[in-house]
Amino acid sequence: MFEPKQEQALIVQTIRRFAEKEVRPVASEMEHRNEYPHALVEQMKKLGLFGLNTPEEYGGTPVDSTTFVMIFEELSRAWMGLAGVLGTHLVMCDVLARFGTAEQKRRLLPALATGEKRGGICLSEPNAGSDLQAITTTARRYGEVYRVNGSKMWVTNGRYGDTFLLLAKTNPAAQPAHQGMSAFLIEKGAPGLTVGRDIDKLGYKSVETCELHFDEFPVPAANLIGGVEGAGFKQVMTGLESERINVAARGLGLAQAALEDALRYAQVRVAFGKPICEHQSIQIKLADMATKIEAARLLTYSAAEKRDRGERADLEAGMAKLFATETAAEVSLEAMRILGGNGYSKDFAVERYYRDAPLLLIGGGTNELQRLIIARGLLQKYPSDQGGAR
Ligand SMILES: Cc1cc2nc3c(=O)[nH]c(=O)nc-3n(C[C@H](O)[C@H](O)[C@H](O)COP(=O)(O)OP(=O)(O)OC[C@H]3O[C@@H](n4cnc5c(N)ncnc54)[C@H](O)[C@@H]3O)c2cc1C
């Protein structure tokens, strides 16, 4: 079992109190109404959650990756969608803090860290998601301004956010394509950026996911991240490593909530003269659910700890994301079975977990792609020229 340090336990306690008192009681109803959680977002600002990975010198309240996981787990235990408002915001802050110029960081990070500005990431397009090198959005330089043209799809925080990390091609002819890709800081305000429809989703409601259309949208050259063209793909990929860990933590929290609801229900629901938790097949389900969650937790914390040691953790973050989110999907379905008909009813939160979980299989890089990342990492770790077959 993973034991948090004293300081981490205090932070977790604060977030758990907020999640239990303010979030859980309203989560399902708001989600069913597809209502944006403005008041909860205001409270998250006060808790400093928008500055979790911004250095103190820029007004952030940074925590290590392990504490970051704990916070996401606690929030998602109450409402995974609410954690989604923070997720892409923090990926953007991560990329800006790592790769931005000193001027970019000074100009934008303080307002992002307080949540006064809300960030998002514009990577996916109608015809390219997993294969980001196939994007067609372009940014062409005219003096001190780039003009952006193209459409971005699935932008979480697209409507209520105002500052985005955008991946575009500055040299569409480059081979390999990633060498012609650059990352920009997009600030809403100038003409040429339209927020299209909010996509109607199976779950993960209340948090808006939008199409963004760019038509000759002007971006100052000062907003090219790091001030260098051609580095965008690498910058974004580094940000996605942190996203994998936050998505894993969200899966963990969602799965834990489903397990806890199932455990409570199984002890009070009586069938054939005894609580259903005394029927062996229900016990087996509960045991398998809890075991998988614990394994997912250890994988996720282990990936976070590797990052805290300053090491790249692509392989471990990929494994954590894959296992924790598959666990979330499995456990939410098992919880539904344990609740029987009530699991299928909107009177219980389990149906929400069940609808929210599949997003985690897709977002932050699909689990098919995670397997490719894991395999690539393994092949690098065990090259055939060092020992060969035994
Ligand atoms: C609710 C929601 C919110 C999102 N928020 C954002 C956001 O804020 N910003 C953003 O940029 N994007 C966002 N996304 C988009 C998300 O990142 C993509 O949906 C995801 O990367 C998959 O891309 P795709 O949908 O284009 O699927 P595709 O890339 O078309 O993939 C389709 C299927 O093919 C599989 N596949 C593709 N290539 C391979 C391969 N080489 N080997 C094996 N299988 C493969 C995939 O795994 C998948 O099963 C969001 C998505 C959702 C659903």
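Q: Is L378 buried, exposed or partly exposed?
A: In this predicted model, L378 has a relative accessible area of 35%. It falls between the limits of 20% for buried and 50% for exposed, so L378 counts as partly exposed.

Q: Which helix holds L378?
A: L378 is in helix α9, which spans residues 367–381.

Q: And how far apart are L378 and L315 in space?
A: Their C-alpha atoms are 7.6 Å apart, while the two residues are 63 residues apart in sequence.

Q: Let us turn to E334. Where does it lie?
A: E334 lies in helix α7, residues 314–339.

Q: Which side chain does the side chain of E334 join in a polar contact?
A: That of R337, at 2.7 Å.

Q: Which residues does E334 touch beyond those up to four places away in sequence?
A: E334 touches K285 and M289.

Q: M289 is of interest to me. What does A258 contact, leaving aside neighbours within four places in sequence?
A: A258 is in contact with M289, V331, S332, A335 and Y353. M289 is therefore touched by E334 and is also in contact with A258, and A258 itself counts as buried at 0% relative accessibility.

Q: Which helix is A258 found in?
A: A258 is found in helix α5.

Q: T238 next. Which helix is that one in?
A: T238 is found in helix α5 as well, which covers residues 232–268.

Q: Is T238 buried or exposed?
A: T238 is buried, because its relative accessibility is 8% and the limit for buried is under 20%.

Q: What does the side chain of T238 reach?
A: It reaches the backbone oxygen of K234, at 2.9 Å.

Q: And which residues is T238 in contact with, leaving aside neighbours within four places in sequence?
A: Those are D94, R98, F99 and R312.

Q: On to helix packing. At what angle do α3 and α5 cross?
A: The axes of α3 and α5 cross at roughly 175° and come within 8 Å. That angle makes α3 roughly antiparallel to α5.

Q: How many nonpolar, polar and charged residues does that contact of α3 with α5 have?
A: It has 13 nonpolar, 11 polar and 7 charged residues.

Q: What about α2 and α3; at what angle do they pack?
A: Helix α2, residues 38–46, packs against helix α3, residues 65–99, at an angle of about 85°, and their axes are 11 Å apart. The angle makes α2 roughly perpendicular to α3.

Q: Which residues make the contact?
A: On α2 they are L40, V41 and M44, and on α3 they are L75, W79, L82, V85 and L86. By class, this contact has 8 nonpolar residues, with no polar and no charged ones.

Q: Changing topic: how many disulfides does the structure hold?
A: The structure holds 0 disulfides. For C93, the nearest cysteine sulfur is that of C122, 14 Å away. For C122, the nearest is that of C210, at 9.9 Å.

Q: Why is neither C93 nor C122 in a disulfide?
A: A disulfide requires two cysteine sulfur atoms within 2.5 Å, so C93, with its nearest cysteine sulfur 14 Å away, is in none. The distance of 9.9 Å likewise leaves C122 in no disulfide.

Q: Now the backbone. Is the peptide bond from Q175 to P176 cis or trans?
A: The bond is cis, with omega near -5°. P176 is placed in the loop between β4 (163–169) and β5 (181–187).

Q: What is phi for Y204 and S206?
A: Phi of Y204 is near 50°, and S206 has a phi of about 75°. Both values are positive in residues that are not glycine. Most residues other than glycine have a negative phi.

Q: Where are Y204 and S206 found?
A: Y204 is in the loop between β6 (193–198) and β7 (209–220), and S206 is also placed in the loop between β6 and β7.

Q: Buried or exposed?
A: Y204 is buried at 7% relative accessibility, and S206 is buried with a relative accessible area of 4%.

Terms used:
Residues are numbered from 1 along each chain as its sequence is written. This is a predicted model: local features need pLDDT of at least 70, side-chain atom pairs count only at pLDDT 80 or more; totals for chains, interfaces and linings use all residues. Side-chain values use heavy atoms; hydrogens and water are left out. Axes are lines fitted to C-alpha atoms, for helices over the stretch in contact, and angles run from 0 to 180 degrees between N-to-C directions. Helices (H or I, at least four residues) and strands (E, at least two) are DSSP runs, numbered from the N terminus. Angles under 35 degrees count as roughly parallel, over 145 as roughly antiparallel, 65 to 115 as roughly perpendicular and the rest as oblique. Contact means heavy atoms within 4.5 Å. Ala, Val, Leu, Ile, Met, Phe, Trp, Tyr, Cys and Pro count as nonpolar, Asp, Glu, Lys and Arg as charged, and the others, Gly among them, as polar. Buried means under 20% relative accessible area, exposed over 50%, partly exposed in between (1.4 Å probe, protein chains only). A polar contact is a pair of N or O atoms within 3.5 Å; within protein, one must be able to donate a hydrogen and the other to accept it, and residues adjacent in sequence count only if both atoms are side-chain atoms.
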